[in-house]
Amino acid sequence: SEVKQLKEFIEDVGHFSLVRNFRLADCVTIMNGVCGSLSVFNCGKYLITQERSYLWIALWAPLAGMFFDLFDGKIARWRKESSMLGQELDSLADSISFGVAPAFLAFTIGCRSTLDIFALATFICCGIARLARFNATVALLPKDSTGKSKFFEGLPIPSSLVLVGCMSYCVWNNYIEGPNGIGAGLPGGFISALEKTPLEMHWFSIIFVIWAALMISKTLHIPKP
């Protein structure tokens, strides 16, 4: 069946053949990526306008992306449809909503020094690497009676919603470093030994570095609920 689908997919040479081969579940998956993109764009609008409502939209958008991420597989099973693109689309959408969007949210609320940016870029790259490893090894992971993997190898990238929740708390309590000096500053401020040097870095960025390490961990196994 998979070979037949692949052959049909390759042999369909129409201009919009890609769109015609989308299933309903694929469209739901893409909406996850749309939510991540909206988060990034609204961060930019906040930095330009200083209107706090844009920042709240940016914080809520990854959560909406999680909703679509949870239901695309359920819809595929309900419709009894399989897709040649489903797993790849899912990973690419996740990299935006749970990798790029949380990192840019951290940048927006104050993690903007050179080392902060390096830490956030590391977080994004580790998230992408974790998704690539999952796609490459999921067939070899131990399965339960339903055919699903028994555990996550390393923190799954949607766990970054915990970081988004922490940033929401900071925004609610004004613990941010917004444009033009808005806010009381990120919790913990700068690492004192590095402050006012070319290596200055916020303590808040360390959380993203730790999260990045946990995502690519080979030995950390998180049981699936």
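Reader: C126: buried or exposed?
Author: C126 is buried, with a relative accessible area of 13%. Buried means under 20%, exposed over 50%, partly exposed in between (1.4 Å probe, protein chains only).

Reader: What sort of model, and what numbering?
Author: The model is predicted: local features need pLDDT of at least 70, side-chain atom pairs 80 or more, while totals for chains, interfaces and linings use all residues. Numbering runs from 1 along each chain as its sequence is written, and side-chain values use heavy atoms, without hydrogens or water.

Reader: What does F204 touch?
Author: Leaving out residues up to four places away in sequence, F204 touches I109, C111, M167, C170, L186 and P187. Contact means heavy atoms within 4.5 Å.

Reader: Switching to T29. Where does T29 lie?
Author: T29 lies in helix α3, residues 24-49. Helices are DSSP runs of H or I, at least four residues, numbered from the N terminus; strands are E runs of at least two.

Reader: Is T29 buried or exposed, and which residues does T29 touch?
Author: T29 is buried, at 3%. Beyond four places in sequence, T29 touches D72, L89, D90 and A93.
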